[in-house]
Amino acid sequence: MAPAHTPASSSARTAHGRRCVRCSPRPSPCTAEPVSSRSPSPQDAQDAQDGQEAQDAQGSQDGRASLASIGSGTLMAVAPGKGIIAHRYADGQVRGYVALNKPEAWVRSIDFGDRSAGLHHVAAEFDGWSPSLTAFVTRSQAEPWLRPIHALPVGLRWGRVPGVTLLGDAAHLMSPFAGEGANLAMYDGADLAGALAEQPDVESALSAYEERLFPRGGGAADRSARNMRLFFGPEAPRSVAALFDPS
Ligand SMILES: Cc1cc2nc3c(=O)[nH]c(=O)nc-3n(C[C@H](O)[C@H](O)[C@H](O)COP(=O)(O)OP(=O)(O)OC[C@H]3O[C@@H](n4cnc5c(N)ncnc54)[C@H](O)[C@@H]3O)c2cc1C
């Protein structure tokens with residue numbers, strides 16, 4: 001899924017200190033939990049307001065810390081099966097992804113009708129992570145977009161079918177972790193156009209194009225599958241750090 005981020009609200013912990021995905025992000029008791037039987041006094045109201053202000057201040061601090069941690073580039077916090085990834089764009093905007101190795105049905109079952117509660121549900125998957133990282137999720141001001149990751153088998157080929165070929169994702173759908181899918185789609189289009197212009201007939205052009213397409217797509221699909229294992233496999237995050245410092 002891919003929520004864009006500019007921090008806005010705070011913690012998923014409830015007043016009783018337990019996590020409950022059905023609770024609002026504000027520190028109110030969950031309906032499934034016991035609540036105080038004592039009537040609230042004016043002091044309670046003041047304490048609640050002080051607590052809320054303290055939490056808001058902490059939330060803002062977490063938000064600022066999370067934005068500062070990106071600097072002018074990319075932040076990747078990964079672990080086996082999950083990650084928080086954020087990029088700063090040239091115009092200063094921050095956009096990011098939460099990556100979770102979960103069945104699509106689990107993600108689709110989250111009710112983003114209450115966006116804040118939905119985002120806190122997602123952030124609960126990162127329990128124990130630094131608040132400056134989970135703030136990317138809980139304080140996002142953008143609508144979350146779900147992006148299930150699908151991939152064709154690495155090295156997929158097909159026999160020549162007269163008059164027909166494939167390009168882009170249709171030919172070599174892969175996870176986005178090589179950052180090549182859009183580049184390849186454009187390259188494929190240019191390559192196919194070149195072949196059609198150069199070759200004497202359509203069949204020769206499609207054959208020549210596919211001879212180059214298969215190794216090009218296969219190489220990127222292999223890198224992408226490998227990167228996905230490095231980012232979210234059992235050795236993460238050390239496997240990612242090793243990419244930058246192989247010594
Ligand atoms: C989360 C994520 C991050 C990514 N990051 C990167 C990145 O950093 N760098 C990169 O290079 N790539 C990235 N990609 C991959 C990239 O988005 C795709 O590889 C690229 O969009 C593929 O282009 P395409 O034209 O082949 O397919 P698409 O972009 O899927 O275009 C196909 C179009 O065909 C339309 N269509 C489908 N069926 C029909 C029909 N029957 N009739 C008419 N129209 C139809 C669809 O609506 C769609 O508009 C990322 C992908 C994801 C999911």
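This is a predicted model: local features need pLDDT of at least 70, side-chain atom pairs count only at pLDDT 80 or more; totals for chains, interfaces and linings use all residues.
A charge is taken to sit over a ring when NZ of Lys or CZ of Arg is within 6 Å of the ring centre and within 35 degrees of the ring normal.

Select Lys102 and Trp106: Lys102 lies over the face of Trp106, 4.7 Å from the ring centre. Next, select Lys82 and Phe126. Here the charged end of Lys82 sits over the Phe126 ring, at 5.7 Å from its centre.

Turn now to contacts between rings, where the count comes to five aromatic pairs. Display Trp158 and Phe214, whose ring centres are 4.8 Å apart; their planes meet at 80 degrees, so the pair is edge-to-face. Trp158 belongs to the loop between helix 4 (131–138) and helix 5 (169–172), whereas Phe214 belongs to helix 7 (residues 202–232), so the contact ties together parts that are 56 residues apart in sequence. Colouring by accessibility separates the two partners: Trp158 is partly exposed at 22% relative accessibility, while Phe214 is buried at 11%.

Proceed to Phe177 and Phe232. This aromatic pair is also edge-to-face, with 5.3 Å from centre to centre and 70 degrees between the planes. Phe177 is located in the loop between helix 5 and helix 6 (181–198) and Phe232 in helix 7; the pair therefore ties together parts that are 55 residues apart in sequence. Phe177 has a relative accessibility of 18% and counts as buried; Phe232 is likewise buried, at 15%.

Ring pairs link Phe231 with Phe177 and Phe232 into a cluster.

Methods: Residues are numbered from 1 along each chain as its sequence is written. Side-chain values use heavy atoms; hydrogens and water are left out. Rings of Phe, Tyr and Trp (its six-membered ring) pair if their centres lie within 6.5 Å; planes under 30 degrees apart count as stacked, over 60 as edge-to-face and the rest as tilted. Helices (H or I, at least four residues) and strands (E, at least two) are DSSP runs, numbered from the N terminus. Buried means under 20% relative accessible area, exposed over 50%, partly exposed in between (1.4 Å probe, protein chains only).
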